[in-house]
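User: Hi there! Please walk me through this model.

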Amino acid sequence: MGEGHEGFMRRALELARRGWGWTRPNPLVGAVVVKDGEIVGEGWHAVRGGPHAEEVALRAAGARAQGADLYLTLEPCVDFPGKCTPPCVDALLAAGIRRVIVATRDPNPCVDGRGLHRLQEAGVEVIEGVLADEARKLNEVFFHWIRTRTPFVVLKLALSLDGKIATRTRRSRWITGEESRRVVHLLRARYGAVLVGVGTVLADDPSLTVREAEGPQPLRVVLDSAGRIPLEAKVLSPEAPTVVATTDRMPDSVEEALRGKGAEVWRLPTVGGEVDLRALLRRLGERTDSVLVEGGSEVAWSFLARGLVHKIAFFYAPLVLGGREAVPAVGGEGVANPAEGIRIRNLEVERVGEDLLLTGYPEASGKGRD
Ligand code: AOF
Ligand code: ZN
């Protein structure tokens, strides 16, 4: 696998990122057409329902695509029921592409190797696996959702160095800096839904919209088993849709009032009197590909303890709050023994302004711990 392949694939990945936030639940895809060592066409998937990356790049290349190489961050698609664009494999063959270099296969069960197979059958050379890890990471949401039809769950917390998300007087504004807050808005645009517990609504009254970044508004979800959400809560504002996830404990009058404010009310099965999070995720997966869980402390533990978090994003501020009555980042029962703790794999650290952003993947995610 030569340097040249990686260079062009890196460019394709860069192009793919331009669709950030707009393609869900479809993947981020980039395409580069190369003839005699030079780029003669580029494309990316810009918006859900719009043309695929391949189509855009082939159109840009025009007749120069004849006999050229095509670099793709994802296997090209084939025809399948319910699809809204023409299959890319046919377009590649019609354009006379000689060789296709892909980063990864498309895990969509309707594609899953069929695209590559059809190319090979038609005599097109296929090289697979160039920058595969980068490509899988770029589309970690799509890879999860297309296989499970449940959302990719990211737990985001803003905490002090000593692990608190609010002071002893329950105040949390602001622990992290402005840059971190801007990054959070970018995350809200990327992920399809944002979720908080009703405790956070009562304590902070967040609006959970995207304001400090370019991007689509997420679906807002409030976990509220008993129906305690105030009707004047900012999360019920009209700028973005809202779901209140509840149980039969919510009085009918509250449900009616919430509907009157434009919110959807989902009465879900329960576990120990609270909303069954697995049932919630199954229903949410019919609507979107991902959810950013923004707390609070009890909600964080509920998701983590059940093995329902796929990724964490913890923003640490260079600040110590102290206080035995302060709110810990993660509440609940916790574990009795350090060996039972939830281990985080592939931890990465980056600086965001004065803060540190730690990302990683909880080990037991998806398997379930309860
Ligand atoms: C995209 N953009 O650039 C590529 C995709 O409904 P459709 O016709 O847009 O097809 C969506 C599927 O096509 C998607 O789930 C994925 O399997 C495949 N590839 N999708 O949105 C692209 N190359
Ligand atoms: Zn396609």
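Analyst: Happy to, starting with a term we will need: contact means heavy atoms within 4.5 Å. This is a predicted model, where local features need pLDDT of at least 70, side-chain atom pairs count only at pLDDT 80 or more, and totals for chains, interfaces and linings use all residues. Residues are numbered from 1 along each chain as its sequence is written, chains are lettered from A and ligands numbered from 1 in the order in which they are written, and side-chain values use heavy atoms, leaving out hydrogens and water.

User: Thanks! Leaving aside neighbours within four places in sequence, what is Gly 331 in contact with?

Analyst: Gly 331 is in contact with Ser 297, Glu 298 and Trp 301.

User: Where does Gly 331 sit?

Analyst: Gly 331 is in the loop between β16 (327-328) and β17 (344-352). Helices (H or I, at least four residues) and strands (E, at least two) are DSSP runs, numbered from the N terminus.

User: And is Gly 331 buried or exposed?

Analyst: Gly 331 has 10% relative accessibility, so it counts as buried. Buried means under 20% relative accessible area, exposed over 50%, and partly exposed in between (1.4 Å probe, protein chains only).

User: Switching to the metal, what coordinates the zinc ion (ligand 2)?

Analyst: His 52 through ND1, Cys 77 through SG and Cys 88 through SG, at 2.0 to 2.3 Å. Donors are N, O and S atoms within 2.8 Å of the metal (3.2 Å for Na, K and Ca), and water is not among the atoms, so sites may look incomplete.

User: How are those donor residues of the zinc ion spaced in sequence?

Analyst: The pattern is H-x24-C-x10-C. His 52, in the loop between β2 (38-44) and α2 (53-61), and Cys 88, in helix α3, are 36 residues apart, and the pair links distant parts of the chain. His 52 and Cys 88 are both buried.

User: Since α3 came up, at what angle do the axes of α3 and α4 cross?

Analyst: Helix α3 (residues 88-95) and helix α4 (residues 114-121) cross at roughly 25°, with their axes coming within 10 Å. Axes here are lines fitted to C-alpha atoms, for helices over the stretch in contact, and angles run from 0 to 180 degrees between N-to-C directions.

User: What does that make α3 and α4 relative to each other?

Analyst: They are therefore roughly parallel to each other. Angles under 35 degrees count as roughly parallel, over 145 as roughly antiparallel, 65 to 115 as roughly perpendicular and the rest as oblique.

User: Which residues of α3 and α4 meet?

Analyst: From α3, Val 89, Asp 90, Leu 92 and Leu 93 meet Gly 115, Arg 118 and Leu 119 of α4. The residues of this contact divide into 4 nonpolar, 1 polar and 2 charged.

User: What about the phi of Leu 131?

Analyst: Leu 131 has a positive phi of about 55° although it is not a glycine. Most residues other than glycine have a negative phi, and most peptide bonds are trans. Leu 131 lies in the loop between β5 (125-128) and α5 (132-138) and counts as buried at 8% relative accessibility. Arg 170 is also not a glycine and has a positive phi of about 70°. Arg 170 is in the loop between β7 and α7 and is partly exposed, with a relative accessible area of 48%.

User: What else lies in the loop between β7 (164-166) and α7 (178-190)?

Analyst: Thr 167 lies there, and it counts as partly exposed at 23% relative accessibility. Not counting residues up to four places away in sequence, Thr 167 touches Leu 321, Ala 326 and Val 327.

User: Last one: where is Leu 159?

Analyst: Leu 159 is in strand β6 (residues 152-160) and is buried, with a relative accessible area of 2%. Leu 159 and Leu 319 are 160 residues apart in sequence, yet their C-alpha atoms are 8.6 Å apart in space. Beyond four places in sequence, the contacts of Leu 159 include Phe 314, Phe 315 and Tyr 316.

Terms used: Nonpolar A, V, L, I, M, F, W, Y, C, P; charged D, E, K, R; others polar.
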